[in-house]
Amino acid sequence: MNWALIWQGFLETCMMTVCSSVISYLLGMPLGVLLVITRKDGIKPAPTFNAVLGAVINFLRSIPFILLIAMLIPVTRAVMGTAIGTSASVFPLVISATPYIARVVEQSFLEVDGGVIEAAKAMGSTTWQIIWKVLIPESVPSLVTGAAMAVTTILAYTAMVSAVGGGGVGAYAITKGYQRGKKYYDFMYAASAVLVLMVQVIAITGTRLTRRLDHRIR
Amino acid sequence: MHLSKNAPLIEVKNLRKVYQVPGGEVVALDGINLSIEKGQIYGIIGMSGAGKSTLIRCMNRLDTPTDGQILIDGQNILAMNEKQLMITRRKVSMIFQQFNLLMQKTVARNVRYPLEIAGVPKAKANQRVKELLKIVELEDKADAYPIQLSGGQRQRVAIARALASDPEVLLCDEATSALDPMTTQSILALLQDINKRLGITVVLITHEMAVIRQICSRVAILDGGKIAEEGTVDDVFVHTRSAAGKRLFGIVPSQQDDTAIEIPALRIVFDEGKESQPIIAELVRDCGVNVNILSADIKRINGKSYGQMLIETPSDEDTKKQVMAYLTRQGLTVKEVDPV
């Protein structure tokens with residue numbers, strides 16, 4: 001059993017997941033805000049913009065990730081300097097996760113009671129003040145739950161970047177385990193177990209954090 | 001604010017609100033004219049669907065009317081741009097049926113919100129929050145979250161929050177409808193107190209008669225998007241003219257409809273706030289007649305009795321005259337009603 005490789009894969013997976021999650025949230029969060037406020041009943045209605053943005057997001061979300069990686073290769077090369085390897089794989093991960101996160105964030109914002117937003121409006125809040133002081137703070141628990149889901153999804157996707165020579169514990173489970181035949185299956189199982197553990201940790205952290213942050217629980 | 005002495009604080013002129021719905025339109029407000037003076041507690045009452053919620057929501061432009069004018073301090077809020085509207089909204093506060101508090105923020109942070117968005121320095125804002133919580137008697141709940149409070153306490157927080165921006169007007173959108181009767185009483189008392197002590201004009205909408213009776217000085221009855229009648233609360237209660245008003249006050253048609261009387265009767269109207277009980281008792285004692293009460297519909301408003309009573313007309317002409325004279329002397333309106 002090559003434990004050193006599993007450890008290396010674990011670190012690479014963490015790097016890819018954290019980088020992709022952070023960048024995807026930086027992009028997806030504003031998109032989620034835009035999706036919510038430009039709705040017909042939103043605080044800054046812009047139905048046409050909303051429809052176009054929604055269509056683009058749905059389009060990106062409908063492409064299977066493995067195909068997206070392949071189709072993005074020229075773009076990845078242009079942006080990251082190379083299309084192959086662990087760092088390069090962050091780019092397709094971000095492209096795939098951003099629209100997903102935009103939807104997850106949108107859902108969280110939609111859970112905020114419309115009456116509260118109306119009250120903020122009635123108090124003379126600007127659109128920015130409503131976003132920063134009402135919409136985001138009021139949906140924090142739900143945003144955290146969503147983030148745990150999004151990070152879990154990104155983590156699962158990192159396994160697929162083995163297709164473009166990306167590293168990570170999931171990729172090694174395939175390339176250094178499965179593809180090398182039955183003799184290396186135990187490596188595949190061990191690497192997969194690490195992934196399962198990582199997902200558990202993220203999920204449990206998400207649940208606990210949500211509970212701690214939610215002041216609607218007595 | 002530059003108010004000439006009798007200029008109304010809020011003036012609603014020919015207000016119309018039409019909703020476009022699939023297959024047509026719904027007229028929610030149909031030519032509303034209202035004039036609300038500074039310092040009043042003005043009640044707007046109506047059945048659900050009468051348009052009262054739409055009306056009050058137009059007063060701070062949470063709803064945009066289709067046509068008409070709303071003048072606050074002489075300025076038409078419907079002609080304002082976003083920025084002007086924002087400033088006006090800080091002078092026209094609102095509380096809601098469902099309180100609409102920020103659930104992830106403490107009581108103190110909720111009350112501080114209007115001060116934060118207005119850019120009040122933190123220390124000054126915190127000081128003001130303390131004062132406001134004192135007004136609503138929730139100083140000890142400053143660090144609690146809304147979920148830990150009862151409905152009445154939540155509405156008190158909402159009131160404190162509404163007062164933070166030093167408003168001239170407080171709009172109450174069914175503010176007591178989600179509360180039990182006891183709590184309703186305490187919230188109404190608080191609103192009355194705020195009106196008296198801080199001179200804030202209160203506009204409230206409700207479907208509950210008791211709310212109007214208890215604290216309002218003037219009332220408008222809204223029915224089908226129109227004002228059915230309007231006046232001082234005392235007047236509207238005693239001389240209810242509109243069908244909508246009679247329906248709301250629970251005046252059964254037979255009690256007012258003279259044709260429904262089966263035997264000759266005398267209608268006694270208590271419109272000066274006289275106590276009904278002693279008067280009938282004294283009538284029996286002083287005139288030595290038996291009084292047969294056919295029906296009575298007496299309501300207590302601001303501690304006085306209003307309403308009317310039907311008593312059987314004494315068969316003896318002299319006794320009848322004696323009774324009528326006695327009641328007239330007591331300052332009551334007496335009218336003979338003939339059976340069908």
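## Salt bridges between the chains

A salt bridge here is a side-chain nitrogen of Lys or Arg within 4 Å of a carboxyl oxygen of Asp or Glu. By that rule, three salt bridges are counted between chain B and chain A. The model is predicted. One of the bridges pairs A:K133 with B:E116, and their closest N and O atoms are 2.7 Å apart. Side chains of opposite charge can pair when their charged atoms come close.

Polar contacts also cross the interface. The rule finds 13 residue pairs in polar contact between chain B and chain A, both residues at pLDDT 80 or more. On the side of chain B that touches chain A, α2 (82-89), β6 (92-96), α3 (107-117) and α5 (151-163) each supply at least two residues. The most comes from α3(B), with four residues. By class, that side of chain B has 13 nonpolar, four polar and eight charged residues.

## Extent of the interface

In this model, 25 residues of chain B are in contact with 26 residues of chain A. The area buried between the two chains is about 2300 Å². Carbon and sulfur atoms give 54% of that area. Within chain B, the residues that lose the most area to chain A are B:Q104, B:Y113 and B:I147. Together they make up 29% of what that side buries.

## Chain B as a whole

Chain B has 12 helices and 14 strands. Its C-alpha atoms fill a box of roughly 80 × 50 × 40 Å along the principal axes. Of the 340 residues in chain B, 53% are buried.

The chain exposes about 15500 Å².

## Salt bridges within the chains

Over all chains, the count comes to 21 salt bridges. Which strands of chain B does the pair B:D30 and B:K226 tie together? The side chains of B:D30 and B:K226 meet at 3.6 Å, N to O. B:D30 lies in strand β2 (residues 24-36) and B:K226 in strand β10 (residues 226-232), so the bridge ties together parts of chain B that are 196 residues apart in sequence. B:D30 has 26% relative accessibility, so it counts as partly exposed. B:K226 also counts as partly exposed, at 44%.

Strand β10 of chain B takes part in a second bridge, between B:R218 and B:E230. The N to O distance is 2.9 Å. B:R218 sits in strand β9 (residues 218-223) of chain B and B:E230 in strand β10, 12 residues apart. B:R218 is partly exposed, with a relative accessible area of 25%. B:E230 is partly exposed as well, at 28%. Elsewhere, salt bridges that share partners join A:K133, B:R109, B:R112 and B:E116 into one network.

Chain A has a bridge of its own between A:R216 and A:D214. The closest N and O atoms there are 3.0 Å apart. A:D214 counts as buried, at 11%.

## Helix packing in chain A

Helix α8 (residues 169-177) of chain A has these buried residues: A:V169, A:G170, A:A171, A:Y172, A:A173 and A:G177. They pack against α1 (3-37) and α9 of chain A.

A:M188 gives a view from α9. This residue lies in helix α9 (residues 185-213) of chain A. Buried or exposed? A:M188 has a relative accessible area of 16%, so it is buried. Leaving out residues up to four places away in sequence, A:M188 touches A:A173, A:G177 and A:Y178. Of these, A:A173 and A:G177 are among the buried residues of α8(A). A:M188 and A:M1 are 187 residues apart along the chain, and their C-alpha atoms are separated by 10.0 Å.

Note on methods. Residues are numbered from 1 along each chain as its sequence is written. Chains are lettered from A and ligands numbered from 1 in the order in which they are written. This is a predicted model: local features need pLDDT of at least 70, side-chain atom pairs count only at pLDDT 80 or more; totals for chains, interfaces and linings use all residues. Side-chain values use heavy atoms; hydrogens and water are left out. Contact means heavy atoms within 4.5 Å. Buried area is the accessible area (1.4 Å probe) that two parts lose on being put together, summed over both. A polar contact is a pair of N or O atoms within 3.5 Å; within protein, one must be able to donate a hydrogen and the other to accept it, and residues adjacent in sequence count only if both atoms are side-chain atoms. Ala, Val, Leu, Ile, Met, Phe, Trp, Tyr, Cys and Pro count as nonpolar, Asp, Glu, Lys and Arg as charged, and the others, Gly among them, as polar. Buried means under 20% relative accessible area, exposed over 50%, partly exposed in between (1.4 Å probe, protein chains only). Accessible areas come from the Shrake-Rupley method with a 1.4 Å probe; for residues, only the protein chains shown count as cover.
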